[in-house]
Amino acid sequence: MKAENISVRIGSKEILKGVDFKAEPGQVTAIIGPNGSGKSTLLKALSGEIQSSGRISLNGHEITALKPWELAAIRGVLPQATTVAFPFSVHEVVRLGLANGLAAEDDTLPSRALMQVDLGGFETRSYQNLSGGEQQRVQMARVLTQVWDTKDLDQQRWLLLDEPVASLDIAHQIIVLCIARDFAAQGGGVVVVMHDLNLTALFADKVCILSEGKVWASGTVSAVLNNETMQQVYGIDLPINTIPAGGMPFVLPQSMI
Ligand SMILES: Nc1ncnc2c1ncn2[C@@H]1O[C@H](COP(=O)(O)OP(=O)(O)O)[C@@H](O)[C@H]1O
Ligand SMILES: [Mg+2]
């Protein structure tokens, strides 16, 4: 997946200003940056949900040339927030992921996806009565269902996830990010918006840091997460340390601002 010189303007506001972005299949690529830096807007542009100037290609195809059902079969999108207006059951919400026109009408997929996100047995529960974190995992199951079975499709699959672990407890954060890693291990590509820098360091291969609608830095976790960048992008002292074995970076805020 490649985006070149992406700009998005809404009204008089330029939200993305000439962003270049690349994600490889088989890898987890994280997008991080402060609130309002343009992460969700970039993810929406990459998913083809909003128009942008510049070029975005997915599996070598211009995204604008792909038909909606082709896009739906190639990539699943987890939005930052999802409202379900109708009193759907959990099964009905997850089943929406099957409606991509290509997936076999395999009605066991929603339950298998629910098992993956640790919601086995939740099928008949009312979606609206679930906790925020449970709803987020149901949405993750819907997205997994969408891109699960593409055996008829000779195309790389992608997961585009906007803060998928934002309202999850630590155990479920790890479960969901392990799903993303497994997806990449099977050859799929994952682009994930994250806030937690430690989980980013643990799970991402590459990181793209956005600041005020521009790419501040991009590259491997160890190349990109450093004291200067943290200070400049987040505006506070966030010293990066490394775990002795393996040298993985981590951040432990030391004090109030
Ligand atoms: N539809 C919109 N209309 C006006 N401003 C928007 C719209 N969508 C996003 N923005 C603004 O663009 C900036 C980037 O938004 P967003 O991509 O959601 O940021 P992030 O996900 O990094 O927090 C924010 O200042 C936000 O208020
Ligand atoms: Mg956002």
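## Salt bridges

Glu4, Arg55 and Glu62 are joined in a network of salt bridges, a salt bridge being a side-chain nitrogen of Lys or Arg within 4 Å of a carboxyl oxygen of Asp or Glu. The structure is a predicted model, in which local features need pLDDT of at least 70 and side-chain atom pairs count only at pLDDT 80 or more, while totals for chains, interfaces and linings use all residues; side-chain values use heavy atoms, with hydrogens and water left out. Residues are numbered from 1 along each chain as its sequence is written, and chains are lettered from A and ligands numbered from 1 in the order in which they are written.

Helices (H or I, at least four residues) and strands (E, at least two) are DSSP runs, numbered from the N terminus. Arg55 also forms a salt bridge with Glu62, where the closest N and O atoms are 3.2 Å apart. Arg55 counts as partly exposed because its relative accessibility is 48%. Glu4 is partly exposed, with a relative accessible area of 32%, and Glu62 is partly exposed with a relative accessible area of 32%. In these terms, buried means under 20% relative accessible area, exposed over 50%, and partly exposed in between (1.4 Å probe, protein chains only).

The salt-bridge rule gives a count of four. One of them joins Lys22 and Glu24, with the closest N and O atoms 3.6 Å apart. Lys22 counts as exposed at 53% relative accessibility, whereas Glu24 is partly exposed at 33%. In general, side chains of opposite charge can pair when their charged atoms come close.

## Surroundings of ligand 1

The shell around ligand 1 consists of Ile10, Lys13, Ile15, Pro34, Asn35, Gly36, Ser37, Gly38, Lys39, Ser40 and Thr41; a residue is near a molecule or strand if one of its heavy atoms lies within 4 Å of it. By class, this shell has three nonpolar, six polar and two charged residues. For this classification, Ala, Val, Leu, Ile, Met, Phe, Trp, Tyr, Cys and Pro count as nonpolar, Asp, Glu, Lys and Arg as charged, and the others, Gly among them, as polar. Both β2 (13-22) and α1 (39-47) supply at least two residues of the shell, and α1 provides the largest share, three residues.

Oxygen atoms of ligand 1 take part in polar contacts, that is, pairs of N or O atoms within 3.5 Å; within protein, one atom must be able to donate a hydrogen and the other to accept it, and residues adjacent in sequence count only if both atoms are side-chain atoms. A polar side-chain atom of Ser40 lies 2.9 Å from an oxygen atom of ligand 1. Backbone N or O atoms are involved at Gly38, at 3.0 Å from a ligand oxygen, and at Ser37, at 3.2 Å. The protein covers 60% of the 560 Å² of accessible area that ligand 1 has on its own. Accessible areas come from the Shrake-Rupley method with a 1.4 Å probe; for residues, only the protein chains shown count as cover.

## Nonpolar surface patch

Ile170, Ile174 and Leu202 make a nonpolar surface patch of about 270 Å². Patches are made of residues with over 30% relative accessible area and no salt bridge: like charges are joined within 9 Å, and nonpolar side chains (Val, Leu, Ile, Met, Phe, Trp, Tyr) within 5 Å. Ile174 is part of helix α6 (residues 170-185) and counts as partly exposed at 31% relative accessibility.

## Buried valines

Val190 lies in strand β8 (residues 189-193) and counts as buried because its relative accessibility is 0%. Val190 and Arg75 are separated by 115 residues in sequence and by 9.5 Å in space, C-alpha to C-alpha.

Val84 is located in the loop between β6 (75-78) and α3 (90-95). At 16% relative accessibility, Val84 counts as buried.

## Loop residues with positive phi

Asp118, in the loop between α4 (109-116) and α5 (132-148), has phi near 65°, a positive value in a residue other than glycine. Asp118 is partly exposed, with a relative accessible area of 43%.

Glu163 likewise has a positive phi, near 50°, and is placed in the loop between β7 (158-162) and α6. Glu163 is buried, with a relative accessible area of 13%.
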